[in-house]
Amino acid sequence: MWRRLVYAGAAAVLAAAALLLAGSLRGERSHAARAAAPFAPPSTPQAANVERLQATLRTDPTDAKDWGQLGLAYEQRARETGDPAYYTKADGALHRALRLAPRDPVATSGLGSLALSRHRFRDALRLGDQALRLAPSSAAPHAIIGDALVELGRYSAAFRSFDTFAELKPGLAAYARISYGRELVGDQAGAIAAMRLAVAAGTAEPEPSAWTHWQLGKLYWATGRTKAADEQYRAALAIFPGYVYALDALAQVYAAKGDVDTAIDLEQRAANQVPLPQFVAGLGDLYRIDGKPKAAARQYGVIGVIDRLLVANGVRTDLETALFRVDHGLQFRATLALARRAQHERPSIDGDDVLAWALARNGHCTEALRYSRLALRLGTRDALKFFHRGMIERCLGDSAAARDWFGRALALNPHFSLLWAPVARSLR
Amino acid sequence: MKRLLLLLVALSALAAPAAATAHPLGNFTSNRFSRVEVAAHRVYVLYVLDLAEIPTYQAGRIDARAYARRIAAGARLRLDGGRATLTPVATALAHPRGAGGLYTTRLEVLLRGPRLSTTTRLAYEDTNYAGRIGWKEIVVGAKTRSESDELRAYPKDLLQSPLDVTSVTGQLEPAGGSPPRLATGKTLEAPDRVADAGFASLIGRERLSALVILASLGAAFFWGMAHALSPGHGKTIVAAYLVGQRGTPLHAAALGLIVTVTHTIGVFALGLITLALSQLIVPEQLYPWLNLVSGLLVVAIGAAVFRSRYRHQRAHSHGHHHHHHHEHGAPGRRSLVAVGISGGLLPCPSALVVLLAAISLHRVAFGMLLIVAFSAGLALSITGIGLVAVFAKRLFRRASFEGRLVRLLPAASALVILAAGLAMTVRALPKVS
């Protein structure tokens, strides 16, 4: 009897280990991911900070604290420059810190935010929890845990973490997260108010301040307040010249105003500096509406290249490229499988929405409706998600409901998408 | 029980997953290097542009001369305060293979400046590709060391930020000699950008003296040893198998030998297939299948071992006489070979890169030798691990550790093999689909 129990126990442990192993073996590696919200930005400019820490560590390479700080500084440099080489260096420096001091909470939470930047949300959650155990009174782990939980679709737990974080460390990073939470539950005005607080709490460092202006601009944009959005994007660029996220956002403003040439110029600058899929796809879409299908195809080809690189790096579930492929009608069925995996890895409302859209484009509209409902379960007011729902209702034959959703999307933001806003207008 | 757990922990630690190898500077960098020097009584600038996969694709077909003209216009040279013109006189273009079956770009341009007869103040600025992410380096002088070996090997030092030098000032002394030359064939094509550049760079060397060959073989050997200690390579399986199957040191050695032979053959075979099919498929697409085959093989071995253990256990508990736990037959020859093959079947990507590089550089024999040395290193490590497993096992037994635990050990080790195989299969499956 006893022996059988041990067998069963060992088998269970091993099976669990095997699954865990298989999960982590997938080795997800991300393109320079959407920059995670920065927290605790020191007042000194990071480049100088990096040099100072490098010099200190050259004379004394045994200081775990300095290695941890250097890792965090490299992460900030990655956000500032968009250069993923800094992520690799941050990874190395933080692991070095942990080799010297295995229970260092700063380095552990540093690895957590690095995992977020690389879209390894389950790892991030684990590291955040670990950092919290090592330093139960610290604030930073709550931010990491919350960010990871949001992406994993566990919203109420995420919002609790954000609240704890804000209590422990009110400031730019906390207000930005509160704003995000309010945006998710459809409280647009509250989100804007919180993000304005974040802007007001801005630090001497350019990147975090530019980031909050860009975020605030996006909130205005999402509710159709084009002019206010435009001002925020320009403020971001004034603080941080060449800030790619603001360039990309400003390109959309110009496109909405009908100035496609300027839009192309801006988007080209963003895509040249950091060819993230969303910039390259945006550039392709701009060429397309400008009547240059060849130039558009060239940009869409770049997405194919990025895709291949992601696959070569073991990333199979990228939500952004999945959305691109659904939007552009590429390999419908393969993309549906991709979207299913992406939603499984990232069961957030964004994952649900992309899967719903992929299902709808494949004609599986009943199942699509289920995921669209999930995508809107928080009451988020997102014009693109409304539009997707409208297309699903249309496919199911409920044209009145479809028109209603198209109307809601356009009322929220008449320029919600270069490709789909005109479609919504024509079907309304 | 505690010891059993410890053993399990130790074994699963060996199977810990590898961190994804990062591309040296990221897939979208545009890296540039300038060397300002005086030769044949003239100022020359050697300009190197290294584009990663994405910018290479974005660039489309590259007209080397047009690029050279644009680069010359963007390279600002001032001598004693006055602007001096640079004229492109030679270009060399190559597209080394990058990740995902894609290409990268290496463009070298030789720019000729004015004649120089006295010591002159120099100010040089590179305004090309402003705003693009990448390594930016300028050196002055023909002999000055380049930190990136002219964009061939980027330092991996954690205390070094990517270099960001776009302007320099200095002094130039007149000098004779012959004008600098651009790299050709081998050095131009060298597979610098490939992730595991440490081992792969061995092949790119221009001249091969006996010493270099010996040193390279030694390096390949040690690289193989170190590589075996990185996750994968069936260490877990080898160790668990030997522990469970009452292996002897001889078995450990045989396993090491089989792993070497399989690995060498695997690399050669995959290299040949890749060469033959290089127009049709990329090696990345072949790897998932190999992964799957290895995984299934390991599962089969684990299941077979477990089955025999289980049967034996049952025979034992239902037996009527209470003799000591009798010795098992040593591992069968067939299963030993199977374990060794599963450990060596999957060729290391870096080994494959070396072979392909060797073939493209027409140094096939040297490449094969390196692979053999690499595999031998690999085998030595695996044999070592096997020996540790065998001796640890004996130690356990000598500690008069009789009874249930020891009897459970073989079954547990079978489960470890099974679990490792399942993990490999589960991991491989989604990639194959």
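Modeller: Gladly! A crossing of helices is called left-handed if the near helix is turned anticlockwise from the far one by less than a right angle, and right-handed if clockwise. This is a predicted model, in which local features need pLDDT of at least 70 and side-chain atom pairs count only at pLDDT 80 or more, while totals for chains, interfaces and linings use all residues. Residues are numbered from 1 along each chain as its sequence is written, and chains are lettered from A and ligands numbered from 1 in the order in which they are written.

Let's look at helix pairs in chain A. Of its 428 residues, 56% are buried (20 or more other C-beta atoms, placed from the backbone, within 10 Å of a residue's own). Among contacts in chain A with a separation of 6 or more, 51% link residues 24 or more positions apart (a contact means C-beta atoms within 7 Å).

Now find helix α10 of chain A, residues 188-200, and helix α11 of chain A, residues 206-222. Their axes (lines fitted to C-alpha atoms over the stretch in contact) come within 9 Å and cross at roughly 160° (on a scale from 0 to 180 degrees between N-to-C directions). That crossing angle makes α10(A) roughly antiparallel to α11(A) (over 145 degrees). The crossing of α10(A) past α11(A) is left-handed. On the α10(A) side, the contact is made by A:Gln188, A:Ala191, A:Ile192, A:Met195, A:Arg196, A:Ala198 and A:Val199. They meet A:Thr212, A:His213, A:Gln215, A:Leu216 and A:Leu219 of α11(A). By type, the residues of this contact are 7 nonpolar, 4 polar and 1 charged (Ala, Val, Leu, Ile, Met, Phe, Trp, Tyr, Cys and Pro are nonpolar, Asp, Glu, Lys and Arg charged, the others, Gly among them, polar).

Another pair to set beside it is helix α6 (residues 121-134) and helix α7 (residues 140-151) of chain A, whose axes come within 8 Å and cross at roughly 155°. Such an angle makes α6(A) roughly antiparallel to α7(A), and the crossing of α6(A) and α7(A) is left-handed. From α6(A), the residues in contact include A:Phe121, A:Leu125, A:Gly128 and A:Leu132. Their counterparts in α7(A) include A:Pro141, A:Ile144, A:Ala148 and A:Glu151. The contact of α6(A) with α7(A) divides into 11 nonpolar, 1 polar and 3 charged residues.

Definitions and conventions: Helices (H or I, at least four residues) and strands (E, at least two) are DSSP runs, numbered from the N terminus. Angles under 35 degrees count as roughly parallel, over 145 as roughly antiparallel, 65 to 115 as roughly perpendicular and the rest as oblique. Two residues are in contact if their C-beta atoms, placed from the backbone, lie within 7 Å. A residue is buried if 20 or more other C-beta atoms lie within 10 Å of its own, exposed if 12 or fewer, and partly exposed in between; C-beta atoms are placed from the backbone.
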